Each structure stands twice: as structure tokens, then as C-alpha cells.
Amino acid sequence: MSRILLCFPIFSIFFLFGHQERIPAGHLQPLGSHRPSEGKIKSIDFIPSPKDFFEEYASISRPVIFKGAAKLSPGFSLWTDNYIREKYGSITVRVDYGKKENRNRPADDLTLSEFLAIYNDSDRYLVDTLPKEMWDEFFLPNCLLCGGFTTRLQDAVMWFSSGGSKSFLHMDTVDNVNCMISGVKEWFIVDLEHSKLIDMDHGEGDYCSVNVDQVDMFKYPSLQNLPWWSAHLEPGDCLFIPYGWAHQVTSLFRNIAVNIWWTPFSRFNSTDCEVNSENGDSSKAKLSNFKFTTGEQLRFMLLKVIKEHNGMMTYNVINPLIVGEHTGERLITKTRFSLLDTDQDGYLTEDNVMSVPADVVDEAFGKTLPGEVNIRGESRRRDDRVSTLLQSVEKQPPLVEEFLLRDDKTLEDFNKFLGQHSEQLDKSVRDFIQERLDDVLKSQQTESQGKHNEL
Ligand SMILES: *[C@@H]1O[C@H](CO)[C@@H](O)[C@H](O)[C@H]1NC(C)=O
Ligand SMILES: *[C@@H]1O[C@H](CO)[C@@H](O)[C@H](O)[C@H]1NC(C)=O
């Protein structure tokens, strides 16, 4: 007996030792644990002129933080919960389920008042174009005011949650400036060259589906030894992230950010800078003074789809691919296809798409907003039975709705949920969950039966 006890620790030390060498650093640990960062993204406490910004950052793909730049926007001090509720409460916004990004979960529409009433006690995350009504209260950073940026603006998006949210590791095909109104964001950022090496295994290369809390270094060997930079954004700071720099963002505390996306370009045109610089009125930078062309953004999406199909697409190929994400509607109809197919030869090419004006691209997508377009033919419809059920029940904690709408629930999730919340559930809801649980069980049985048959 005592020999066994003695041997065991010695054996296990040997066992651990033998394996340790082969386990990559940071395996099953949070993203960024595998090696120290290369340093912090450069931070400056002024906003450069558009020309300097273009030459020193945008055109050479260098990220930078403008410390305190967002404090110039009235929204920075105005946008408390009370102010937003009183002034903008009735506006409808799109709200996601789940702060840990899960791109398969549904989203739905709430008014800002409804969102404000639940966001502190739920996992809901508002991600939507900043409502137009609020555009007077957010200013474009001065470095974007002339030279070509203003004709290439794509979208201004608001991100609002009670913190604790985590994005996937992903990259954008556009230039981006992200400004903090409230809360803190921690960034894991990878430079352009190294980003190209990351295994973006989801959404046709849009993002890497690695679990950022527990990185599986065996499944994602491209992350082993990947050099990275860190950035820490506080209220008022704006971060410029050039296109193609992969990033993962963790948000803390009551968290409001607005980010601006624009199409990168290669030549600075100073013609409109001379006129602009004369007038020192800062309110000329308010978003409502600019045109954000969704057509530019849609063009980007379209080019991506065409590239993935070797530069050429027929109507039959593109029609099922481009759908309204929440309606399932096929957006490129025959008539709209012919708007884009400028030479009417039945094939859509990059040249076709580049030669039409942005508003025609917009028209071709049925004027559907870019955030609502899915280019992989997928739609994320709400489950009608869940909606009807919840409407008929007096009151449910928000977590019930979120749980019911998740489409990736495992048997374990069901059991855990029923174990924890059974007491609080309305009978009809409990019955419904039990019914869904039975469905999962049944489908698992059929699956294992299928395997037996194969044997
Ligand atoms: C939510 O929590 C934040 C603090 O984290 C607080 O400022 C805000 O007023 C709260 N909102 C509501 C509606 O309770
Ligand atoms: C520069 O911008 C002005 C308008 O501000 C435009 O008229 C001119 O054609 C542009 N030049 C080039 C080379 O694009």
C-alpha cells in the first residue's frame, strides 16, 4: 500500500513532465496568454490633420489611439441612460442575444427604452447603425474631415452593453475608427502580415471561431507563437484600426462605443481641405452633415462574393446567396441583377460592379441595410413558437427568452437550465422546454441507431 502511495506522485511528476514540452504555450488559456504582447498600440493626445493622418497612419497601415478624441462629441457627456430614454426611447434598434459573440444566434428589434430596461440584468447587446436621430451628437474625428474620407464613409455603428462582452478574433475589410463613449475595451491586435496567417475558419474567412477564453492551440496552430499588440481604450479614446488587422475585443463596464467604417483609398485629394480648414466651428463635424453610402459597403460585400466564385457569377448562382438575414428574402432578383450586369452578358464581374454608382448597388440589394444582408444564403429567423409562447406568459426573466432562442443548445444545457431555473418558470414554458428536450433526446437516439445500422 505504502509503495503505491509513494510511487504515484513520482510517476505523475514524470507523466506531467513528459507531456509539458509538447503542450504549446497558452493552450486552453485566454487569448494572449501564449506570449507577451509586442507592446501597446501608439497613443497620441491630439488628432492629426487629415493629411498627416493619411500619410502617417492610414496609407501605411499603422494603428493609433487618439486619447480623449471622443470627448469632443456632445454624446460623450450627454448619453446617460436617462437622457437616451427621454430623448430617443421610442427608437427601434437591433439587439443581439449573448455577449459572447455567437454569430448564429438570432437578434431582434427593441425600442431603446426596452433595451435600457433590461441591459444591466441580461446578456443583450445592442449592435446597430447609430440611430439617425442621434447623429447631431456624434462628431467625426477631425482627421477624417477632408482629403477623401468623407466620400467613402460606409457606416456608423453603436455598440452598447453592460460589459463582459467578448468578440471573436476577426478582421474587417475596411478602415475603422472606434470611439469609446462609456466603459473600457481591451484589444488583442495582430498586424496585417501576421493576420494573413490566422486560420479564419468561419464565415468564408471572416472570423476565427476559436474559443477566446480557452484557446485550443492544437486545433488552431496558426495562433501558436502569433505576435500581438495590446490596446486599452478608456472613455473618450478613439482607436484607428487599419483594414486587415485582426482583432479581438473585450468590453468592460457600462459600455458604449461608436465606430466609423470607411473604404480604404490610396491617393489623398487635398482639394476640399483648403475650404474646410478656414472655419473653426466644431459642429461641422457632426455625423448628420455627412453621407454614409451603404452602397459602398454593399459593393464591398458583392466583390467578396464574386472573388470567391473566381471572378464571375450568373444570376442563378448569386440569387440564393444574397439574402435578407432576418427575413430570408432573396435580394438579387432578375431585374436587380441586370442593373449590375452592365454589359448584359449574363455574368457579373468585378468590372461590372466597379463601374456602377453606389446608389445602383444599393438598389440592386433592394435598399436592404448592409447589416441585414447575409452573403452566404443564411437567414436567422426568430422561432415563431418561442415568440408566441413568451407573449402569452405574464413575465419571464430575460434569460428564459435568450435560452429558448439559442439554436445551439445541447442536452447538457437543457438539464443545467431546468435544474437551475425550474422553480421560476411558468408551467407552459416548462412544458415547452421539456418538449424541446425530448426532441433533442429523440434526435440523438435516431443518430446512434443510424450508427448501429451502419455497423
Ligand atoms: C445600468 O448600470 C449602470 C452602471 O453600470 C448605471 O449607470 C445605469 O444607470 C444602469 N441603468 C439602469 C437602467 O439601471
Ligand atoms: C479631388 O476632389 C475634387 C472635389 O473636392 C474633385 O473635383 C477632383 O476631381 C478630385 N481630384 C481627383 C484627382 O480625384
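Here are a few notes on this predicted model.

1. On conventions: residues count from 1 along each chain as its sequence is written, while chains are lettered from A and ligands numbered from 1 in the order written. Since this is a predicted model, local features need pLDDT of at least 70 and side-chain atom pairs count only at pLDDT 80 or more, whereas totals for chains, interfaces and linings use all residues.

2. The chain carries 16 helices and 15 strands (DSSP runs, H or I of at least four residues for helices, E of at least two for strands). Of its 455 residues, 32% are buried (20 or more other C-beta atoms within 10 Å; 12 or fewer is exposed, in between is partly exposed; C-beta atoms are placed from the backbone).

3. The largest nonpolar core has 74 residues (buried Ala, Val, Leu, Ile, Met, Phe, Trp, Tyr and Cys joined through C-beta atoms within 7 Å). Ile 189 is among the members touching the most others, along with Leu 169, Cys 179, Ile 181, Leu 239 and Val 258. Apart from that core lies another, of 16 residues, including Leu 340 and Phe 365.

4. Ligand 1 has Asp 81, Leu 116, Asn 120 and Arg 254 around it (C-beta, placed from the backbone, within 6 Å).

5. Worth a look: Leu 28, not a glycine, has a positive phi near 60 degrees. Leu 28 sits in the loop between helix H1 (2-20) and strand E1 (43-44), and counts as partly exposed because it has 14 C-beta neighbours inside 10 Å.

6. Asn 310 also isn't a glycine, and its phi is positive, about 60 degrees. Asn 310 lies in the loop between helix H8 (294-308) and helix H9 (315-318), and is exposed, with 7 other C-beta atoms within 10 Å.
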